[in-house]
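Thanks for coming, everyone. Let's take a quick tour of one structure. Please have it open as I talk.

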Amino acid sequence: MMENSRSMKHAESLIKSVLERLNLNEVMEEDMEESIDHGELVAMLVRLLCNQLELPVDFQQQIVLAAYVHDIGKLRLTKNLYEREKNTLQIEKTRYMRMHAKVGADMLKEAGFPAEICNAVYHHHENYDGSGYPANLSEEKIPMEARILRICDVFAALISDRPYRRGFDMDTAMELMIEDNKAFDMKIFLEFMKVYHSKEFDQVISFSYNVNAKKRFAEKNIS
Ligand SMILES: [Fe+2]
Ligand SMILES: [Fe+2]
């Protein structure tokens with residue numbers, strides 16, 4: 001694995017320390033790398049957005065911390081999927097993977113993380129219109145941490161390569177989010193758009209470019 005930045009190590013050490021504390025040592029290397037890169041990218045976006053929102057520093061730090069580990073529940077779930085890969089329908093997999101929000105929050109709680117962070121992770125798939133999961137919360141009932149995470153998480157997922165598609169370019173990702181915005185708190189999303197057009201966004205562009213390039217290189221060398 002490429003270890004080319006200090007912040008990279010931050011996501012990695014956080015995720016690994018949780019897994020160690022819970023005695024979970026059978027995570028696939030590929031899933032681990034995906035989780036670290038994705039956590040890192042979301043945390044980078046969250047940091048920029050929190051700054052734009054002028055949130056208090058300790059509140060910002062909490063959300064960034066939640067961002068690093070928000071999908072950690074997937075690492076506990078994917079193992080079971082590999083074992084059943086052949087017989088599992090896509091729709092079953094999708095439904096099953098929805099558990100990662102609760103599973104992740106439980107893992108973090110068990111590892112001693114503060115309640116606010118566990119709560120942010122628990123709600124990071126709630127949609128502003130109430131159509132998300134696991135609690136179907138809507139609007140301001142969704143903790144602000146989770147509303148911030150939701151926007152950054154969707155953007156990060158859209159610009160990243162997936163096993164079934166290449167990442168979208170950033171302008172297309174923004175357009176897709178503008179068109180389908182039911183998941184987002186519009187007040188926060190408008191601030192995200194400002195961040196997107198700011199100079200600071202260059203770090204996101206280069207980080208994402210490197211992660212996608214790394215995946216493509218690995219793919220080429222396998223096939
Ligand atoms: Fe997630
Ligand atoms: Fe995510």
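Where does Lys141 lie? In the loop that runs between helix 7 and helix 8. Keep in mind that this is a predicted model.

In sequence, Lys141 and Ile91 are 50 residues apart. In space, they are 29 Å apart, C-alpha to C-alpha.

Next, helix 7 itself, residues 115–122. Its partner here is helix 3, residues 57–69. Their axes come within 9 Å and cross at roughly 50°. That angle makes helix 3 oblique to helix 7. The crossing is right-handed.

Who makes the contact? From helix 3, Gln62, Ile63, Leu65, Ala66 and Val69. From helix 7, Glu116, Ile117, Ala120 and Val121. By type, the residues of this contact are 7 nonpolar, 1 polar and 1 charged.

Last stop: helix 10, residues 186–196. Which residues of helix 10 are buried? Phe189, Glu191, Phe192, Val195 and Tyr196. They span an arc of only 160° around the axis, so they are on the same side of helix 10. A reminder on geometry: an α-helix has 3.6 residues a turn, so residues three or four places apart point the same way.

Turn to the other side of helix 10. There, Met186, Lys187 and Leu190 are exposed.

And what do the buried residues of helix 10 pack against? Helix 2 (29–53), helix 8 (144–159) and helix 9 (170–179).

Conventions
Residues are numbered from 1 along each chain as its sequence is written. Chains are lettered from A and ligands numbered from 1 in the order in which they are written. This is a predicted model: local features need pLDDT of at least 70, side-chain atom pairs count only at pLDDT 80 or more; totals for chains, interfaces and linings use all residues. Axes are lines fitted to C-alpha atoms, for helices over the stretch in contact, and angles run from 0 to 180 degrees between N-to-C directions. Helices (H or I, at least four residues) and strands (E, at least two) are DSSP runs, numbered from the N terminus. Angles under 35 degrees count as roughly parallel, over 145 as roughly antiparallel, 65 to 115 as roughly perpendicular and the rest as oblique. A crossing is left-handed if the near helix is turned anticlockwise from the far one by less than a right angle, and right-handed if clockwise. Two residues are in contact if their C-beta atoms, placed from the backbone, lie within 7 Å. Ala, Val, Leu, Ile, Met, Phe, Trp, Tyr, Cys and Pro count as nonpolar, Asp, Glu, Lys and Arg as charged, and the others, Gly among them, as polar. A residue is buried if 20 or more other C-beta atoms lie within 10 Å of its own, exposed if 12 or fewer, and partly exposed in between; C-beta atoms are placed from the backbone. The arc is that of the directions from the helix axis to the C-beta atoms.
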